[in-house]
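User: I would like a close look at a single part of this protein. Please treat it in one connected account.

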Amino acid sequence: MAMPADKKLEIIRKYGRDDQDTGSTAVQVALLTARIEELSQHLRSHTKDHHSRRGLLKMVGQRKRLLGYLERTDYDGYKSLIASLGLRR
């Protein structure tokens, strides 16, 4: 269930400062959001896959921590990011 490289690069280009910016908080949140959406789709059809469910919960927690950090440090960037990703927070 790895993300295709072209989709990952597209997310990095959209939310990063340049093509090599994979570590900024906005890019990390966007990549986690894409992975969470894919895994949620998988779990809808495979309801007994508890190992993947645990991974999903870990990713959701990591995204929550990153969003909290972004909210503290760059509130305007935080607001624009959650609006563009469609997160309700």
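How exposed is Tyr75, in terms of relative accessibility?

Analyst: The model is predicted, with a mean pLDDT of 94 for the protein, and 98% of its residues reach 70 or more. Among the elements, the mean pLDDT is lowest in helix α1 (residues 5-15), at 94, and highest in helix α3 (residues 50-73), at 97.

Tyr75 has a relative accessibility of 43% and therefore counts as partly exposed, since that value falls between the limits of 20% for buried and 50% for exposed. Tyr78, by contrast, counts as buried, because its relative accessibility is 4%. Both tyrosines belong to helix α4 (residues 75-85); as they are three residues apart, about one helical turn separates them.

A pair of aromatic rings is described by the distance of the centres and the angle of the planes. The protein has one aromatic pair by the rule applied here. It is formed by Tyr75 and Tyr78: the ring centres lie 5.9 Å apart and the planes meet at 35°, so the pair is classed as tilted.

Beyond its neighbours within four places in sequence, Ile82 is in contact with Leu67 and Leu87. Ala26 lies 56 residues from Ile82 in sequence, and their C-alpha atoms are 9.5 Å apart in space.

Key
Residues are numbered from 1 along each chain as its sequence is written. This is a predicted model: local features need pLDDT of at least 70, side-chain atom pairs count only at pLDDT 80 or more; totals for chains, interfaces and linings use all residues. Side-chain values use heavy atoms; hydrogens and water are left out. pLDDT is the predictor's confidence in each residue, from 0 to 100. Helices (H or I, at least four residues) and strands (E, at least two) are DSSP runs, numbered from the N terminus. Rings of Phe, Tyr and Trp (its six-membered ring) pair if their centres lie within 6.5 Å; planes under 30 degrees apart count as stacked, over 60 as edge-to-face and the rest as tilted. Buried means under 20% relative accessible area, exposed over 50%, partly exposed in between (1.4 Å probe, protein chains only). Contact means heavy atoms within 4.5 Å.
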